[in-house]
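Okay, thanks for coming, everyone.

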Amino acid sequence: MGKSTVAVNLALALKHQGYSVGILDSDVYGPSIRKMLSEERPPAQKGQLLVPASCHGISMISMAHFRHTSEATVVRAPIANNIINQFIQGVDWGTLDYLIIDFPPGTGDIQLTLCQQANLTGAIIVTTPQEVAILDVRKAMQMFDQLKVPIIGIIENMSCYYHPKTDERICLFGSGGGRKLADQSGVPFLGEVPIDPEICRCGDAGEALIPQKGEITSASAKAFLAIAQHAVNEIETLKEQSQGSLQNIELAWKEMP
Ligand SMILES: Nc1ncnc2c1ncn2[C@@H]1O[C@H](COP(=O)(O)OP(=O)(O)OP(=O)(O)O)[C@@H](O)[C@H]1O
Ligand SMILES: [Mg+2]
């Protein structure tokens with residue numbers, strides 16, 4: 001689907017918009033964020049806490065900081081959960097506007113721990129347009145629903161490919177699946193990301209698709225910036241709604257004898 005790719009580029013887009021951003025790679029068994037974001041400063045120990053690495057000005061921690069790239073992490077679920085808890089509580093994240101957590105695929109133990117213990121503002125769903133992908137995504141949405149994690153919105157990745165010479169829009173995996181899912185589920189559709197070899201190249205090289213300075217020219221970088229802005233707006237709406245419900249609780253309390 002491109003979950004990690006979207007997580008990295010949303011982080012870069014938010015940073016570009018002036019927010020302070022962190023990214024927690026919760027994929028203990030298959031971490032990829034460290035590969036996708038080259039570091040200007042590695043993590044460091046500060047007393048009992050760990051100071052995250054800094055990549056393009058973004059704070060980041062990943063299992064890849066504790067294992068060699070080619071070394072598999074072979075641990076049972078309780079150990080993986082312990083690692084996740086340490087990433088949440090044992091890292092000095094400082095004051096961030098947004099902490100993006102890149103989830104592993106599926107609806108397993110790590111996802112459950114994060115939903116129950118990380119006090120999530122909400123989940124952003126990444127899908128590709130085809131039905132088979134949407135089948136999996138619906139399951140993830142059910143998990144968030146069951147665990148009372150609000151859904152911020154849906155992003156359709158690899159929506160289409162623009163022919164480099166003719167600019168013709170070619171929908172390799174069909175079209176409209178993400179928007180249809182959003183409409184059916186009553187959640188916001190945050191936008192589409194095209195298939196762009198540059199996205200893949202930047203991910204492999206650890207380079208930033210969205211530069212922090214200078215003009216943004218690439219269509220995919222512009223797509224991520226628009227999606228990030230849309231997500232920020234939806235998060236503000238969610239916050240207002242949750243404050244509204246807190247006020248209701250307070251009113252009910254005041255009415256009690
Ligand atoms: N829009 C895109 N255009 C081109 N390549 C893309 C795009 N989105 C993702 N990719 C590429 O697809 C590959 C898989 O992406 P990624 O690792 O982000 O997926 P994932 O959903 O996080 O996978 P996993 O479930 O294994 O964690 C990467 O090589 C990435 O560069
Ligand atoms: Mg991933």
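**A walk through the model**

Let's start with Ser26: a polar atom of its side chain sits 2.7 Å from the backbone oxygen of Asp102. I'm calling that a polar contact, meaning a pair of N or O atoms within 3.5 Å; within protein, one must be able to donate a hydrogen and the other to accept it, and residues adjacent in sequence count only if both atoms are side-chain atoms.

Before I go on, some housekeeping: this is a predicted model, where local features need pLDDT of at least 70 and side-chain atom pairs count only at pLDDT 80 or more, while totals for chains, interfaces and linings use all residues. Residues are numbered from 1 along each chain as its sequence is written, chains are lettered from A and ligands numbered from 1 in the order in which they are written, and side-chain values use heavy atoms, with hydrogens and water left out.

Back to Ser26. You'll find Ser26 in the loop between strand 1 (21–25) and helix 2 (33–36). Helices (H or I, at least four residues) and strands (E, at least two) are DSSP runs, numbered from the N terminus. Is Ser26 buried or exposed? Buried, because its relative accessibility is 0%; buried means under 20% relative accessible area, exposed over 50%, partly exposed in between, with a 1.4 Å probe and protein chains only. Leaving aside neighbours within four places in sequence, Ser26 is in contact (heavy atoms within 4.5 Å) with residues including Ile84, Phe103 and Leu114.

Now, the ligand. Which residues are closest to ligand 1? Of the 16 around ligand 1, those are Lys3, Ser4, Thr5, Asn157 and Pro194, where a residue counts if one of its heavy atoms lies within 4 Å. A polar side-chain atom of Lys3 is 2.7 Å from an oxygen atom of ligand 1, and a polar backbone atom of Gly2 is 3.0 Å from an oxygen atom of the ligand. On the nitrogen side, a backbone N or O atom of Asp196 lies 3.0 Å from a nitrogen atom of ligand 1. Taken alone, ligand 1 exposes 640 Å², and the protein buries 74% of that; those areas come from the Shrake-Rupley method with a 1.4 Å probe. Helix 1 (3–16), strand 8 (151–162), strand 10 (189–195) and helix 7 (197–205) each give at least two residues to the shell.

Next, the inside. The largest nonpolar core has 37 residues, and Ile23, Ile100, Ile210 and Phe224 have the most contacts inside it. Helix 8 (residues 219–255) gives the most to this core, with 9 residues. A core here is a set of buried Ala, Val, Leu, Ile, Met, Phe, Trp, Tyr and Cys residues joined through side-chain atoms within 4.5 Å. Apart from that core lies another, of 32 residues, with Leu50 and Phe144 among them.

Over to Thr73, in the loop between strand 5 (58–61) and helix 3 (77–89). Thr73 is buried, at 8% relative accessible area. Thr73 and Val28 are 45 residues apart in sequence, but 7.1 Å apart in space, C-alpha to C-alpha. The Thr73 side chain reaches the backbone oxygen of Val28 at 3.4 Å.
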